[in-house]
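Subject: Structure handover

Hello,

Here is the structure for your files. My notes on it follow below the entry.

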Amino acid sequence: MKTTDNYKRPVISLRISITNRCNVKCFYCHHDGIVAQDYEMNPEEIYRVAKIARKIGVDKIRLSGGEPLIREDVVDIVRRLSHLKFRDISITTNGTLLGKYAKALVDAGLNRVNVSFDTLNPETYKFITKRDYMELAKDGIKKAVEAGLNPVKVNMVVMKGINHTEIWEMFQFCRKNGVVLQLIELLKTENCEEAEFLEEYHYNMNPLEEELRKISSNVKKRAFMQDRKKYFIDGGEIEVVRPMDNTQFCKNCTRLRITPEGKIKPCLLRNDNLVDLIEPMRCGKSDKELEEAFLEAINNRKPYYTDKC
Ligand code: SAM
């Protein structure tokens with residue numbers, strides 16, 4: 001069974017933010033759209049939320065945060081989720097703890113990983129994250145490939161004057177290591193502590209995509225993945241993710257989010273239509289009632305960028 005929203009978009013993917021704690025401090029971070037609050041669901045609660053989501057048609061699940069690998073029970077969480085037979089379980093991580101966990105996560109049932117890694121320059125890494133962990137993250141990427149995660153993707157947020165000149169170097173690093181490069185447009189968001197600076201770093205992806213189109217042996221559009229483009233070059237792959245002002249991105253969005261404190265969040269960019277799950281769960285509501293909370297959140301779904309605005 002698939003559940004579709006009022007805009008005919010099936011809801012097939014769930015992104016659970018399992019913590020808002022993080023061990024790096026990226027200046028542009030939108031915190032997955034979640035206003036900080038120190039709260040986490042326990043593994044049983046995460047499992048129950050995923051079970052209900054599975055029932056209403058979600059078949060892909062991604063753990064995010066904060067930094068998901070900062071939780072010592074992350075392997076246990078993945079193992080529990082693997083019993084629900086999702087088509088795909090993935091994690092988005094900064095990679096600094098992947099060297100430690102990659103193998104155990106694969107054994108627990110993790111399929112894929114995205115590693116946020118914006119630069120191969122230690123100074124730039126430090127400028128972006130305020131930490132000196134570049135080598136750790138790089139090692140994490142390699143360990144993820146060795147452990148058999150497939151695909152491993154590098155998420156590179158492209159920023160004018162910070163790392164935009166590194167795209168080709170990053171592509172070569174990814175190609176050499178059997179990793180897909182995902183270039184992400186910098187999103188201007190109020191959830192970010194340094195929101196006023198984001199305008200000056202915003203990088204226009206149009207000329208880049210034009211260049212990619214010319215040199216690719218093949219270009220694919222990813223339906224149900226916000227219509228993203230995938231470019232195949234020299235045995236490597238580049239995906240481009242451009243959410244800003246992108247009506248196609250919203251039109252093809254199939255995702256719901258869960259905040260660390262257990263609320264269903266229908267859109268990354270909105271905070272006015274959340275539906276609480278944790279309170280009902282903790283006061284003994286039935287699975288049927290939780291399912292209704294999911295349906296309410298799906299009913300709240302509305303494209304953020306539309307042709308009419
Ligand atoms: N800590 C994990 C990590 O580093 O991947 C998961 C959380 S992080 C918020 C998830 C993704 O959002 C990362 O790939 C990050 O680069 C991206 N991201 C954060 N803020 C962003 C922004 N303002 N624009 C575009 N992407 C952003």
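In what follows, Lys and Arg count as positive and Asp and Glu as negative, while His and the chain ends are not counted. A charge is placed at NZ of Lys, CZ of Arg, CG of Asp or CD of Glu. On that basis the protein has 52 positive and 46 negative side chains, and the centres of the two sets lie 5 Å apart.

Please note that this is a predicted model, in which local features need pLDDT of at least 70, side-chain atom pairs count only at pLDDT 80 or more, and totals for chains, interfaces and linings use all residues. Residues are numbered from 1 along each chain as its sequence is written, and side-chain values use heavy atoms, with hydrogens and water left out.

Overall picture

The protein has 11 helices and 14 strands; these are DSSP runs numbered from the N terminus, helices being H or I with at least four residues and strands E with at least two. The C-alpha atoms fill a box of roughly 55 × 45 × 35 Å along the principal axes. The radius of gyration, taken over C-alpha atoms, is compared here with a globule rule of 2.2 Å times the number of residues to the power 0.38. For 309 residues a compact globule would come out near 19 Å, and the protein agrees, with 19 Å.

Of the 309 residues, 55% count as buried. Buried means under 20% relative accessible area, exposed over 50%, and partly exposed in between, with a 1.4 Å probe and protein chains only. The protein exposes about 14,100 Å², of which carbon and sulfur atoms supply 48%; the areas come from the Shrake-Rupley method with a 1.4 Å probe, and for residues only the protein chains shown count as cover.

Contact means heavy atoms within 4.5 Å. Among contacts with a separation of 6 or more, 71% are between residues 24 or more positions apart.

Helix α8 covers residues 206-215 and includes Glu209. The buried residues of α8 are Leu208, Glu209 and Leu212. They span an arc of only 95° around the axis, so they are on the same side of α8; the arc is that of the directions from the helix axis to the C-beta atoms. The face turned away from this buried side carries the exposed residues Pro207 and Lys214. The buried residues of α8 pack against α6 (167-176), β8 (180-185), β10 (228-233) and β11 (236-241).

Glu209 has a relative accessible area of 8% and is therefore buried. Leaving aside neighbours within four places in sequence, Glu209 is in contact with Lys229, Tyr231, Val240 and Arg242.

In helix α4 (residues 122-129), Thr124, Tyr125, Ile128 and Thr129 are buried. Their arc around the axis is only 115°, which puts them on the same side of α4. These buried residues pack against α5 (134-146).

Two further residues

Arg15 is in strand β3 (residues 13-17). Its relative accessible area is 13%, so Arg15 is buried. Not counting residues up to four places away in sequence, Arg15 touches Asp32, Arg62, Ser64, Thr92, Arg255, Leu256, Arg257 and Ile258.

Asp76 is in helix α2 (residues 74-82) and, at 26% relative accessibility, counts as partly exposed. The C-alpha atoms of Asp76 and Pro303 are separated by 34 Å, the two residues being 227 residues apart along the chain.

Regards
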